[in-house]
Amino acid sequence: MAEMGSKGVTAGKIASNVQKKLTRAQEKVLQKLGKADETKDEQFEQCVQNFNKQLTEGTRLQKDLRTYLASVKAMHEASKKLNECLQEMYEPDWPGRDEANKIAENNDLLWLDYHQKLVDQALLTMDTYLGQFPDIKSRIAKRGRKLVDYDSARHHYESLQTAKKKDEAKIAKAEEELIKAQKVFEEMNVDLQEELPSLWNSRVGFYVNTFQSIAGLEENFHKEMSKLNQNLNDVLVSLEKQHGSNTFTVKAQPSDNAPAKGNKSPSPPPDGSPAATPEIRVNHEPEPPSSATAGASLPKSPSQPAEASEVAGGTQPAAGAQEPGETAASEAASSSLPAVVVETFSATVNGTVEGGSGAVRLDLPPGFMFKVQAQHDYVATDTDELQLKAGDVVLVIPFQNPEEQDEGWLMGVKESDWNQHKELEKCRGVFPENFTERVQ
């Protein structure tokens, strides 16, 4: 019998809950259709908006904090493996081996301590802070349901009072249900009206404490890690002193914003440097002086002629500094070198090409030095740069002001543009040297 009674109570409670849900659903439909008024509390609605914003911010902070902790753990593992690698490579007879091992152990302990303190002082506090939101969120939802019950009871009571045929018994019962629904709603409403603003204001202190804890822990961690790194550096300096003759030199690498060919440096050779000096071939067999001007010429040098000539047994200075307009052939003829014949070579002077035959070419830009071919596409990023496609041939010319030349850049004009326009001012521009390869 007791069991039957229990089942009956349970069944009755279920039926009551179902009836409440139906009544609430009907009330909400009427309110949406505008057939029934709805109790509004703008102040409370603002509190709910603040609550939802606070919950969203806290959830994001918790997620990012967990990501930060995962990154700390990953850095710990990476640092540990790096130190293990150093320990394995550190040979037993090298000085400072024990110190290096001790530093590695302290490094591991420091990472562990940092991670644990972050968990204790930040993550657990974060979890406690967010732990109060689910209960309040549930109470806000319940308060909403009780408000619908109150509105429904109020509308039912008002409809009975305005009916043509009044039933006093039903009116009294409806009034009793209205008072009960109002009491339940107001109790929940008052509690939330006090708690929500207090919770909203508490976020400032929580954020301050959380980030102060993280900042303080990170500051102390880096201070201690800095000491360990300094100690490791001292150990390595001691090792370097003992094996100082076996130092490793770090070579400069090509620029990251341009593909380099092999180990080629992106900087262009300055005027007068060894790389800009033309190759001079010397014949050590004595021949009649007339053979020097017989018209036999070497292939064109890829750069401007210099002011020095290589001779047998050493380097002999030229008769005088070469001025613009003088040819290499006249320079060789003016030098007194018995038993040594310097073969003629081509040189470029003020837009003409002069050779041993005395022929003059006027189809090259003034100051032409040599040709290069683009090995990669280059997209110009400024108005004074050349846009290059792989395969383009560029005629290299000197900068008007040598001080404007940046390391790794050349001045030139695309051969196709020069052949078409013959206007240097419109066609010339700078380009990165290591996008090209010299062709002649």
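Mentor: What follows is a short tour, from the whole chain to single residues.

Trainee: Okay, what kind of model is it, and how many helices and strands does the chain have?
Mentor: This is a predicted model, and its chain has eight helices and 12 strands.

Trainee: And what share of the residues is buried?
Mentor: Of the 440 residues in the chain, 31% are buried. As for contacts, among those in the chain with a separation of 6 or more, 70% are between residues 24 or more positions apart.

Trainee: Let's look at H5, then. How many residues does it have, and how far does it reach?
Mentor: H5 covers residues 168–242, which is 75 residues, and from its first C-alpha to its last it reaches 109 Å, close to the 111 Å expected at 1.5 Å a residue.

Trainee: Where is the kink in H5 centred?
Mentor: The kink in H5 is centred on Arg203 and comes to about 30 degrees.

Trainee: And which residue caps its N-terminal end?
Mentor: That is Asp167, which places a side-chain oxygen 3.2 Å from the backbone nitrogen of Ala169.

Trainee: Is Gln54 buried or exposed?
Mentor: Gln54 counts as buried because its relative accessible area is 1%, and the cut-off for buried is under 20%.

Trainee: What about Ser71, where does that lie?
Mentor: Ser71 also lies in helix H2, but with a relative accessible area of 41% it is partly exposed. Although Ser71 and His115 are 44 residues apart in sequence, their C-alpha atoms are 10.0 Å apart in space.

Trainee: And Asn106, what separates it from Met225?
Mentor: Asn106 sits in helix H3, residues 97–131, and is partly exposed at a relative accessible area of 28%. Along the chain Asn106 and Met225 are 119 residues apart, while 9.1 Å separates their C-alpha atoms.

Trainee: Switching to strands: how do E10 and E11 run?
Mentor: Strand E10, residues 409–414, and E11 run antiparallel and are joined by four bridges. Leu410 stands opposite Phe431 in E11.

Trainee: Which residues of E11 point which way?
Mentor: In E11, which spans residues 429–432, Gly429 and Phe431 point one way, Val430 and Pro432 point the other way, and all are buried.

Trainee: Last topic, cysteines. How many disulfides are there?
Mentor: The count of disulfides is zero.

Trainee: Then are Cys85 and Cys427 buried or partly exposed?
Mentor: Cys85 is partly exposed, at a relative accessible area of 34%, whereas Cys427 is buried, at 8%.

Key:
Residues are numbered from 1 along each chain as its sequence is written. This is a predicted model: local features need pLDDT of at least 70, side-chain atom pairs count only at pLDDT 80 or more; totals for chains, interfaces and linings use all residues. Side-chain values use heavy atoms; hydrogens and water are left out. Helices (H or I, at least four residues) and strands (E, at least two) are DSSP runs, numbered from the N terminus. The expected span of a helix is 1.5 Å times one less than its number of residues. The bend at a residue is the angle between axes fitted to the seven residues ending there and the seven starting there. A polar contact is a pair of N or O atoms within 3.5 Å; within protein, one must be able to donate a hydrogen and the other to accept it, and residues adjacent in sequence count only if both atoms are side-chain atoms. Buried means under 20% relative accessible area, exposed over 50%, partly exposed in between (1.4 Å probe, protein chains only). Two strands pair if DSSP finds at least two bridges between them. A disulfide is a pair of cysteine sulfur atoms within 2.5 Å. Contact means heavy atoms within 4.5 Å.
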